[in-house]
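Hi there,

Here is the structure I promised to pass on. Please have a look at it first; my notes follow below.

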Amino acid sequence: MAGLESHYSARDIEARILAAVRAAGLNPEQGLSPEELGALDHFHTGGLGASRELLELAQIRAEDRVLDIGAGLAGPARLLASALGCRVDCLEMSSDYCAAAVLLNRLTGLDERIEVHQGSALKLPFPNFSFDAVWMQNVGMNIADKQTLYAEIYRVLKPGGRFAFQEMVAGEAATAYFPLPWATEPADSCLVSAEEMRSVLAESGFIPELFEDTSDAHLSKTAAGAAASALSLAVFVDNLAEKAGNARRSLQEGQIRLVRGVFRVK
Ligand SMILES: C[S@@+](CC[C@H](N)C(=O)[O-])C[C@H]1O[C@@H](n2cnc3c(N)ncnc32)[C@H](O)[C@@H]1O
């Protein structure tokens, strides 16, 4: 998880989140909307906008039960639960992020629809055929064992279920600029090429509905060095500007690519 872990304890993260929410002019005691928190809790490339686009593509329905793997602070889970009304289970390795996710679920009044579980993506604590959809954004980049990861996702999906994701993948040259948001040093980064990702997904039994490279679209949509605001990932990620700058440069130079996909279980 190097690069992703916060230097702050759960209590510190919670205090920093509450201070940032107040500094942004919001009152945490009066109910927050998931959109208001969007700059803070969508911990992936493209932020809230990228989650909204994936939501459109994934075709998740209100009656679906959804699993968000590597859920972080559960921003995407709150978007899903509030926009669609579906029930979401969050699976997150870091107990500190789990605690912050539970706090934010409560402050947005979505704790009835979202359950947070601490655990590993490589050993999902759910029975076979539990979910209609699995959601995953910027998580596989830290997981070397893609075969087990995709086999686990396939196992917990119901027949016909969908896996919607976005990830960084390896580009044409080795990644040269560190730290990156997901890796302090090369050994922490577990990127495979888009072709390899597709082929492991196919070997796991998944059928592609959509698989696209959104690198250029992302670069043209987002400006370098976005304006600082009280609500930002910097509340819990250290050296954010340097990490984000390195990711952008790596993307511009083709060392990494951003992909997203929707795959279906037979
Ligand atoms: C970049 S963050 C993305 C968080 C969230 N998906 C989002 O987009 O807001 C990656 C998250 O994946 C979690 N993670 C990494 N490896 C994991 C694993 N093997 N099992 C469960 N969670 C993992 C990290 O703790 C971190 O919270």
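Helix H5 covers residues 95–107, 13 residues in total, and spans 19 Å from its first C-alpha to its last, close to the 18 Å expected at 1.5 Å a residue. That expected span is 1.5 Å times one less than the number of residues. Helices (H or I, at least four residues) and strands (E, at least two) are DSSP runs, numbered from the N terminus.

Before going further, please note that this is a predicted model: local features need pLDDT of at least 70 and side-chain atom pairs count only at pLDDT 80 or more, while totals for chains, interfaces and linings use all residues. Residues are numbered from 1 along each chain as its sequence is written.

Back to H5: its buried residues are Asp 96, Tyr 97, Cys 98, Ala 100, Ala 101, Leu 104, Asn 105 and Leu 107. Buried means that 20 or more other C-beta atoms lie within 10 Å of the residue's own, exposed means 12 or fewer, and partly exposed is in between, with C-beta atoms placed from the backbone. The cover over these buried residues includes helix H1 (10–23), helix H2 (38–41), H4, S2 and strand S3 (114–118). After H5 comes Gly 109, with a positive phi near 70°.

Now the ligand. Among the 23 residues around the ligand, Phe 43, Gly 70, Gly 72, Met 93 and Ala 121 come nearest. Helix H4 (75–84) and strand S2 (87–92) are the elements that give two or more residues to this shell. A residue is counted as near if its C-beta atom, placed from the backbone, lies within 6 Å. By class, the shell holds 12 nonpolar, 10 polar and 1 charged residues. Here Ala, Val, Leu, Ile, Met, Phe, Trp, Tyr, Cys and Pro count as nonpolar, Asp, Glu, Lys and Arg as charged, and the others, Gly among them, as polar.

A few backbone details may interest you too. Most residues other than glycine have a negative phi, and most peptide bonds are trans. Ala 74, in the loop between S1 and H4, has a positive phi near 75°; Ala 74 counts as buried because it has 30 C-beta neighbours inside 10 Å. Gln 59 also has a positive phi, about 50°, and sits in the loop between helix H3 (47–58) and strand S1 (65–69). With 12 C-beta neighbours inside 10 Å, Gln 59 counts as exposed. Finally, Phe 178 and Pro 179 are joined by a cis peptide bond, with omega about 5°.

Best wishes

Technical notes. Two residues are in contact if their C-beta atoms, placed from the backbone, lie within 7 Å.
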